[in-house]
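Subject: Structure for you to look at

Hello,

Here is the structure I promised. Please open it alongside this email; my notes follow below.

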Amino acid sequence: MASAALIVMVSGGSDSTALLELCALAARGGQPAGPVGRRLLDMLTASLPAGCRPLPLCLHVNHQLRGEDSEADQAFVEQLCSRLGIPCELRRVDVAARMEAGAAGMEAAARELRYAAASSALERWCARCGLPLEQGLVLTAHTLDDRTETFLMRAMVGTGPGGLASIPRRRGCIVRPLLDATRFELRAFLAEQHPGEEPGTLWREDATNDDGSNFRSRVRTQLVPVMEQLKPGFQHCLARTMDLIAEEDASLSSAADSLVYRNLVWEQGRAFLPLSVLEGLETPLARRVLRQCILELSPGSRLESRQLQRVLDALAAGGSFSTEVDGGVRVEGRDGRLCISIR
């Protein structure tokens, strides 16, 4: 039987605690205590390579942002892993330093450091398991609640279809097996597994999740309850909408990638694209092609639709033009070609 090395990212909250317990069951071939757990275990199994033997390693990243509570989270995860018989790796990161180095904000800095830790942990764990990196996955415990909140946040600030697809089920080696489950279901599973125990002992609570101190917590505590009252179960309807958006977004991205692959050429560190490639395209696809061309040269650019539209408008006007977009990228149109370079 083939094996899969799994990095299970665990904060100590109910969602990630439930994910780790499910992985422990899958690793030893156990069965959950009740019907909720059986449904969740099926979700987890379906997200893994068929017939594989999961080899989980818990990764806890201590962001050091909540003082004693952060240390208590770490201690809880260590004890949980000891009880479940799953090896645990602990990482401490300096979010403040990452913000000073240029991260967009606290959440972005924490996320960047967390996934960097997961990537390095995956390499080490695959090596310890004697498996190639291709047989390794990073599992996160994002739920339908997270996906809904992300959709609403992005819709309010403005985004394209990729943003409205919300949290993807898989991106590279990162897999989110519980995106169709609600936080309520995960907590019900933990209660099934530990009958008679107080919920407060089964996971750790982060007060900032519900105190209204950030955008996400305000969406969670103020907006989502109103929508649930207006349309009970609306999250499942919204999930189907997000899946449709994701499918169409993936199709458009695939078409754009194909055009870029066939037509983008490199000369002395600059990228060139025949203007004729863009001129025959509908605006949504032309925008995708242009965006992908820029990202080929500058993967870190944070491109907004208005920046891309400025280039397309210049193309439509005819003649030569030169403009800049995020990341110090210069985009020029001349001699029948689009030239993209770093200034």
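A contact here means heavy atoms within 4.5 Å. Among contacts in the chain between residues at least 6 apart in sequence, those joining residues at least 24 apart make up 67%. Please keep in mind that this is a predicted model.

**The chain overall**

The chain has 343 residues, and 45% of them are buried. It holds 13 helices and eleven strands. Along the principal axes, its C-alpha atoms fill a box of roughly 75 × 50 × 40 Å.

**Around Thr150**

Thr150 sits in helix H6, which covers residues 144-157. Is Thr150 buried or exposed? Its relative accessible area is 6%, and buried means under 20%, so Thr150 counts as buried. Its side chain makes a polar contact of 3.0 Å with the side chain of Arg216. Setting aside neighbours within four places in sequence, Thr150 touches Ser166, Ile167 and Arg216.

Most residues other than glycine have a negative phi.

Strand E7 (residues 265-267) pairs with strand E8 (residues 270-274). The pairing is antiparallel, over three bridges. Val265 has Phe272 of E8 as its bridge partner. Two residues separate E7 and E8, which form a hairpin. In the turn, Gln268 has a positive phi of about 50 degrees.

E8 also pairs with strand E11 (residues 337-342). These two run antiparallel and are joined by four bridges. Here Leu273 stands opposite Leu338 of E11.

Asp335 lies in the loop between strand E10 (329-334) and E11. What is the phi of Asp335? It is near 55 degrees, a positive value in a residue other than glycine. Asp335 has 73% relative accessibility, and exposed means over 50%, so Asp335 counts as exposed.

**Where to start**

Best wishes

Methods: Residues numbered from 1 in each chain as written. Predicted model: local features only at pLDDT ≥ 70, side-chain atom pairs only at ≥ 80, totals over all residues. Heavy atoms only, no water. Buried < 20%, exposed > 50% of the residue type's maximum accessible area, 1.4 Å probe, protein only. Polar contact = N/O pair within 3.5 Å; in protein donor to acceptor, adjacent residues only side chain to side chain. Pairing = 2+ DSSP bridges.
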